[in-house]
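This report goes through one structure part by part. Please look over the sequence and the model before reading on.

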Amino acid sequence: MRLQMLKQKRMMNSSVQAWILLAPTLLFISVFTIFPIIRSFALSFTAYELGMKRPLFIGAGNYSYFLTSGLFWKIMKNTLFFSVLTVVPSYAIGLSFAMLVNNNRKGIGILRTSYFYPVVMPLIAIASIWMFMYMPETGMFDQILMNHGKRPLAALSDKNTVLPAMAMMYVWREAGYLMIFFLSGLQNLDRELFEAARIDGSTFLDTFRRITLPLLAPTTLFVTIMAITDSIKLIDHIVIMTEGAPNNASTLLLYYIYQQGFIFFDQAKASTLTVFMLFIMLIVSMGKFISSDRKIYYN
Amino acid sequence: MELTFFFPVNVGGSVTKLVDKICNDWNAEHPEAIIKPVYTGNYDDTVVKIQSAIQGKNPPDLFISLCTQRFSMYIQDAVTPLDEFIKADGAEGQAYIDDFLSGFMEDSYVEGHIISIPFQRSTEIMYYNKDTFREVGLDPDNPPRTWTELAEYAQKLTKVGPDGNVERYGVGIALNSGSAQWQFTGYCLQNSKNGENLMSDDGKSIYFDTPENVEALQFWCDLQNKYKCMQPGIVQWTDLVGQFLSGKVAMIYHTTGNLTNINNNATFDFGTCFLPGNKRQAAPTGGGNFYISKGISKERQQKAWEFIKFATSPERAAQWSIDTGYVVTRKSALELPEMKEYYEKLPQARVAYEQIPISKPELTSYDSTRMWRILNDAIQAAITGEKTPEKALRTAQAEADEVLKKYR
């Protein structure tokens with residue numbers, strides 16, 4: 001009997017201890033994550049523009065405004081397009097880099113560093129330099145084209161080339177970042193498997209398809225979610241390079257949120273868009289986890 | 001007491017030092033009310049910072065912001081109307097207001113109240129490279145006065161290299177978001193039936209899709225695509241001056257606030273002139289005014305008012321104009337010897353001042369920033385060929401009307 005009471009008391013003590021240790025983080029998350037999410041959700045059902053003393057409840061007005069707005073769907077299309085344009089190449093290039101540097105040759109450190117260094121540069125600096133390179137007629141790309149007798153491109157002024165141009169800059173940076181995760185994943189793979197495959201006469205492609213890729217599945221999952229959410233979260237390059245020009249061909253969702261909230265000071269519309277964005281991020285994360293649950297082999 | 005003073009800088013040159021000097025001079029004479037100047041970036045950054053401060057209930061005591069912000073400031077109840085301060089100064093107060101150039105003072109009224117005082121005011125002028133004029137056989141003292149002449153001269157001045165690429169464009173107009181609307185105001189004023197602007201005086205109506213405006217936008221597209229004398233695509237405001245100084249473009253539309261900068265750095269003979277017109281010559285004004293925040297004590301408001309008068313005294317207004325190239329804001333400043341000497345040494349500076357009588361405010365209305373974005377998006381759509389000028393402006397008009405519905 002006494003033993004049971006002691007046991008219960010110890011359990012309670014340790015739960016209290018747990019709460020105390022968790023409290024600071026809980027507080028932080030509540031203030032900076034949970035409360036803003038709730039507030040954004042609440043504001044999305046109001047109208048709250050510059051000069052209004054308090055928000056005015058308008059039901060689903062903001063939602064119907066955006067869902068029927070041509071510009072909103074254009075921006076969503078842009079965001080999706082940009083996401084694909086950055087995730088797929090950075091994934092492929094990152095994995096290739098990782099496989100290239102996954103050995104212990106002399107000087108491999110230098111090669112790894114040179115693939116990785118774009119990651120430590122602030123995106124604003126990268127965006128500024130690439131904007132300079134894309135400058136019409138005087139920038140590096142147009143100069144190269146003109147020297148070969150072709151017409152200059154002015155990549156950032158044309159609605160067909162502006163997103164690919166910005167994606168290229170972004171992949172230049174992101175590939176190195178993803179490389180690190182792939183490298184770590186590759187180095188955790190059992191060398192015996194590859195030995196066995198080599199002995200059995202497996203070709204490079206076969207080994208890659210049937211051993212490397214499947215075993216890299218947890219890394220792939222992680223990397224893909226990161227790459228997708230990263231591509232949606234980015235805004236520095238838009239502010240620097242185009243501000244959404246030409247005519248919103250390069251406006252992405254987060255820039256649109258920034259514009260509504262901090263340039264037009266319309267908190268209600270910005271909140272509504274934030275809810276959309278949260279929704280998308282949630283679906284991306286969930287979708288990936290659920291679909292991959294069956295396919296992942298953890299060691 | 002210590003008063004915080006937010007100020008932006010939107011032109012080249014070391015303008016922050018000049019503002020600091022004015023504040024230091026005041027602080028020396030008025031130790032009981034020290035002014036603390038805080039540089040807050042360009043106009044856009046400053047608008048955001050001021051907004052955040054207002055919403056955080058911690059506004060700066062006084063600040064300089066775009067004159068086009070006056071409706072936004074008014075509707076938020078963020079600034080103190082200055083009428084009572086002017087009245088308290090009696091006849092002197094009225095004389096003070098009357099001394100400002102009317103083209104600039106126009107920008108200070110909302111619903112009949114004066115809510116700001118002109119300070120760093122500009123107008124758009126054309127800078128042109130006289131050496132290139134001589135090179136192609138044009139008279140360097142006869143810049144283009146009409147749209148037709150502009151297109152003609154610009155085509156002559158465009159130099160195509162042996163490899164088929166353009167080495168120098170005839171004319172440059174900035175088309176990036178945040179700048180295009182300023183240029184377009186000028187073109188609208190130059191072509192409208194009776195001199196109408198893009199908006200009504202009360203800030204509640206917008207006139208984007210008049211046939212005259214469509215004509216103006218079509219002219220821009222033609223300069224790029226038909227006459228091929230303007231660089232295709234979206235040229236950035238900040239790049240134009242560099243292009244001009246390095247000889248890549250012969251004529252540019254830019255702010256008079258860059259005059260000192262260009263004068264100090266041009267390696268060639270340059271001139272300034274009125275903007276070429278169509279039905280008439282006209283130009284947009286721009287720049288920043290002083291505002292005093294609401295919600296601060298009467299005492300602080302009074303001190304802020306006195307500082308504003310100090311900073312805009314005829315001598316200081318003259319010195320400011322000389323140091324930066326901004327247009328002098330007061331008529332009496334013109335009589336000062338330093339002003340006369342300046343105009344003698346740098347005759348190009350007179351042009352901006354002389355253009356004021358035909359200058360009108362730039363696009364200002366309720367929800368200004370959104371209007372700018374709507375117009376700039378439309379201009380970009382037309383320039384890149386995505387929509388015809390007519391369709392672009394028609395769409396913009398519909399969007400603008402939708403936004404302004406609630407203010408009527």
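## Two domains in chain B

In chain B, 20 residues of domain 1 are in contact with 21 residues of domain 2; two residues are in contact if their C-beta atoms, placed from the backbone, lie within 7 Å. On the side of domain 1 of chain B that touches domain 2 of chain B, the elements giving two or more residues are α3 (70-75), α14 (314-324) and α16 (348-355) of chain B. Helices (H or I, at least four residues) and strands (E, at least two) are DSSP runs, numbered from the N terminus. The largest share of that side of domain 1 of chain B, four residues, is supplied by α3(B). By class, this side has seven nonpolar, ten polar and three charged residues. Ala, Val, Leu, Ile, Met, Phe, Trp, Tyr, Cys and Pro count as nonpolar, Asp, Glu, Lys and Arg as charged, and the others, Gly among them, as polar.

The domain assignment of chain B gives domain 1 as 2-122 + 286-350 and domain 2 as 123-284 + 363-407. Such bounds come from an automatic or database domain assignment. The C-alpha centres of domain 1 of chain B and domain 2 of chain B are 28 Å apart.

## About the model

This is a predicted model, in which local features need pLDDT of at least 70 and side-chain atom pairs count only at pLDDT 80 or more, while totals for chains, interfaces and linings use all residues. Residues are numbered from 1 along each chain as its sequence is written, and chains are lettered from A and ligands numbered from 1 in the order in which they are written.

## Chain A and its contact with chain B

Between the chains, 20 residues of chain A are in contact with 20 residues of chain B. The side of chain A that touches chain B has ten nonpolar, six polar and four charged residues.

For chain A, the domain assignment gives domain 1 (2-43) and domain 2 (69-292). The centres of domain 1 of chain A and domain 2 of chain A, taken over C-alpha atoms, are separated by 37 Å. Four residues of domain 1 of chain A are in contact with six residues of domain 2 of chain A. The side of domain 1 of chain A that touches domain 2 of chain A divides into three nonpolar, one polar and no charged residues.

## Helix α14 of chain B

Is α14(B) mostly covered or mostly uncovered? Mostly covered: eight of its eleven residues are buried. A residue is buried if 20 or more other C-beta atoms lie within 10 Å of its own, exposed if 12 or fewer, and partly exposed in between, with C-beta atoms placed from the backbone. Among the buried residues of α14(B) are Arg316(B), Trp320(B) and Ile322(B).

The buried residues of α14(B) pack against α1 (15-29), α12 (259-265), α13 (298-311) and α15 (337-345) of chain B. Just after α14(B), Gly325(B) has a positive phi of about 100 degrees.

## Helix α2 of chain B

Helix α2(B), residues 43-55, has 13 residues. From its first C-alpha to its last α2(B) reaches 18 Å, close to the 18 Å expected at 1.5 Å a residue; the expected span is 1.5 Å times one less than the number of residues. The buried residues of α2(B) are Thr46(B), Val47(B), Ile50(B), Gln51(B) and Ile54(B). They are on the same side of α2(B) because they cover an arc of only 135 degrees around the axis, the arc being that of the directions from the helix axis to the C-beta atoms.

These buried residues of α2(B) pack against β1 (2-7) and β3 (62-66) of chain B. Just after α2(B), Lys57(B) takes a positive phi of about 55 degrees.

## Strand β10 of chain B

In a regular strand the side chains alternate between the two faces of the sheet.

Strand β6(B), residues 117-129, runs antiparallel to β10(B) and is joined to it by four bridges; two strands pair if DSSP finds at least two bridges between them. Phe270(B) in β10(B) is the bridge partner of Asn129(B).

## Buried loop residues

Cys229(B) lies in the loop between α10 (211-225) and α11 (237-245) of chain B. Cys229(B) is buried, with 26 other C-beta atoms within 10 Å. The residues it touches, not counting those up to four places away in sequence, include Ala151(B), Tyr169(B) and Leu223(B). Thr158(B) is also among them; the C-alpha atoms of Cys229(B) and Thr158(B), 71 residues apart along the chain, are separated by 5.8 Å.

In chain A, Asn247(A) sits in the loop between α11 (236-241) and α12 (253-263). Asn247(A) counts as buried, with 24 C-beta neighbours inside 10 Å, and has a positive phi of about 50 degrees although it is not a glycine. Asn248(A) has a positive phi of about 65 degrees and counts as buried with 23 C-beta neighbours inside 10 Å. Most residues other than glycine have a negative phi.
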